[in-house]
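Hi,

Here is the structure I promised to pass along. Have a look at it first, and then read on for my notes.

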Amino acid sequence: MAYDKFNILKTSAYPLSIENVDTDQIIPARFLKATERKGFGDNLFRDWRYNADDSPKVDFPLNDPKYSGKILVGGRNFGSGSSREHAAWAVYDFGFRCVISSFFADIFRGNCLNIGVLPVQVSEEFLQEIFGAIEANPDTEIKVDLQNQTVTLLSSGNSESFEINSYKKENMLNGFDDIDYLQNIKGEIQEFVKTRPF
Amino acid sequence: MSNTLFDKVWDAHVVRKIEGGPDVFFIDRHLIHEVTSPVAFLGLKTRGIQVMEPKRTFATADHNTPTINQHLPVEDPLSANQLRALEENSKEHGILHWGLGHENNGIVHVVGPENGITLPGATIVCGDSHTSTHGAFGAIAFGIGTSEVEMVLSTQCIMQPKPKKMRINIVGKLNKAVTPKDVALYIISQLSTSGATGYFVEYAGDVFEEMSMEGRMTVCNLSIEMGARGGMIAPDEKTFDYIKGRKFTPKGADWDTAMEYWKTLKTDADATFDKEYTFNASDIEPMITYGTNPGMGMGISNQIPQSDTVKDGKATYEKSLSYMGYEQGESMIGKTIDFVFVGSCTNGRIEDFRSFASIVKGRKKADNVTAWLVPGSHKVEAQIKEEGILDILTDAGFALREPGCSACLAMNDDKVPAGKYAVSTSNRNFEGRQGPGSRTLLASPLVAAAAAVTGKVTDPRELMA
Ligand code: SF4
């Protein structure tokens, strides 16, 4: 599914300073029963966000009205565990276009890139600085510039560059996806199939 | 040039290299199930494209299926809907489908190897992170997201940057009651849940050479829990014996040609890895986890580590222990438990049930324990019956359920209630993984059996002759 082009994102952010956030927390398995990609944002972090009686847990950052924005800042090793792309869909559907962390699990990172959410890996020091800045002022804005591969904390002006391979970068800047690419080289793939022994 | 096993298999599947980008990577065999495939089929429909190679995709229903009364209609309408979608999508695109009740049905990573879908030197993907299981046969196998499922359906390829290479050697001989599960939990406890992120692992050394195919599958299965995309073991005579004659294994002259190739699938003596670890088999004890990720495991006779000695942040560590209701410095031995779950693609094969039965034989299930014994497939179930294991289980007060993922991810009704403790042979002890508020202790089938008959965490060595 093609998605919106990503160029520069400048918004406030939600902080989630927990480490090893796994995709079972991002979206628990019992919400994976849909056959369409709709409404997953409602259940993003379901069990951290709501009590068993469905009332919101007031101290969870996503429920705290002082936070806003299209960026989610997460602790180290974000997105580990299950390969469920539903986790990335839930992040997207809630309104996030970017996740910042000091380390991402592989599959989650790939899933994000495939659906138009930009994973931005920063140093642990910078991550802590971002958490600190948001804590001091929840309206703190962060600027993510994909073309120049930089992330800037606007309150201090401090900035870091981040990695993304040039192919994925082009895709995100243009809102293309891998299937568009693969469809275009189908002839080449069909030739390759003939060489496979099984 | 000298190459690793991983290089040999990877490089043979690269259709095209993209400068500064991923490889266009060809997939030999693709497994699908009801949970991560419907949106991919929807994507095909939206784009108006067909499945390119339907014979390379295999469908089984497992994640969201009941483990009792499978002959009756599925009660939960959402689950029933997903199962119907899998069946209809498979039919529409000419994909082989093993639905509920089919003799070949079972957990995707159990039925793949059983039916010879899994082969050495092949590339195998599935929308499930434990696809790494198939690496036990010298295949490159890993989990993918739904967008990638759509890519494989439409072009039999995905776009993947080649991971870095890691080798993990375990030398020497395993101690009594130390199973492949303990080996894997030990490695994860040493490397942490992110220690192998970005890498593909090859397991090598005496311990893996001597290990059964079932055991190798358990180890490769858990590769993802240390962050690795997958793990693999070079194929050998055991591998060839296992796959020979299975449903989708090459036959006749094709077998001979394949064998010639498969015999070349080993890491060359002077090939190098980006990272290498070596552990001593004798350092490994039966393992148990005490926290909320699979890296929080220890030898069963040890104490829960103090927060200032762990790699994760203190706050994260303490949050995890408080969720579990445990304290730093405590022993796990003697902790009361409420549930025992034996099953999943990690430990739901015949060897696991043999192992469980070896301890419960002649004993009785503890009254405070609810036990869910869930075979990985109908074939495993049949073998449990044939080998007389079912009689041992029944005599000890246990019942056998029907195959499926069950309490491994608790999408169906097999949910551990909030606050309750389960000793589970599955792969994840995340918060709420086995049901909202559930608390999971990961362990081997032997440790699970010892817990099931004593009602508390017990060292299985005490119950073994
Ligand atoms: S048993 Fe668990 S890990 Fe294995 S395929 Fe099923 S849900 Fe995934």
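This is a predicted model: local features need pLDDT of at least 70, side-chain atom pairs count only at pLDDT 80 or more; totals for chains, interfaces and linings use all residues.

Let me start with the interface. On the chain B side, 71 residues are in contact with 54 residues of chain A. Together the two chains bury about 5200 Å², and 59% of that is on carbon and sulfur atoms. Three residues, Arg16(B), Arg47(B) and Met159(B), supply 10% of the area that chain B buries against chain A, more than any other three residues.

The interface holds six salt bridges. Arg16(B) forms a salt bridge with Glu188(A), with the closest N and O atoms 2.7 Å apart.

Which elements of chain B give two or more residues to the side that touches chain A? They are β1 (14–17), β2 (23–26), α2 (38–47), α3 (77–93), α5 (146–155), β8 (157–160) and α11 (314–324). Of these, α5(B) gives the most, with seven residues. By type, the residues on this side of chain B divide into 28 nonpolar, 25 polar and 18 charged.

Now for the backbone. Asp54(A) is not a glycine, yet it has a positive phi of about 75°. Asp54(A) sits in the loop between α2 (46–49) and β3 (71–74) of chain A and is partly exposed, at 48% relative accessible area. Ala177(B), also not a glycine, has a positive phi of about 70°. Ala177(B) lies in the loop between β9 (164–171) and α6 (180–191) of chain B, and is buried, with a relative accessible area of 10%.

Best wishes

Technical notes
Residues are numbered from 1 along each chain as its sequence is written. Chains are lettered from A and ligands numbered from 1 in the order in which they are written. Side-chain values use heavy atoms; hydrogens and water are left out. Helices (H or I, at least four residues) and strands (E, at least two) are DSSP runs, numbered from the N terminus. Buried means under 20% relative accessible area, exposed over 50%, partly exposed in between (1.4 Å probe, protein chains only). Contact means heavy atoms within 4.5 Å. Buried area is the accessible area (1.4 Å probe) that two parts lose on being put together, summed over both. A salt bridge is a side-chain nitrogen of Lys or Arg within 4 Å of a carboxyl oxygen of Asp or Glu. Ala, Val, Leu, Ile, Met, Phe, Trp, Tyr, Cys and Pro count as nonpolar, Asp, Glu, Lys and Arg as charged, and the others, Gly among them, as polar.
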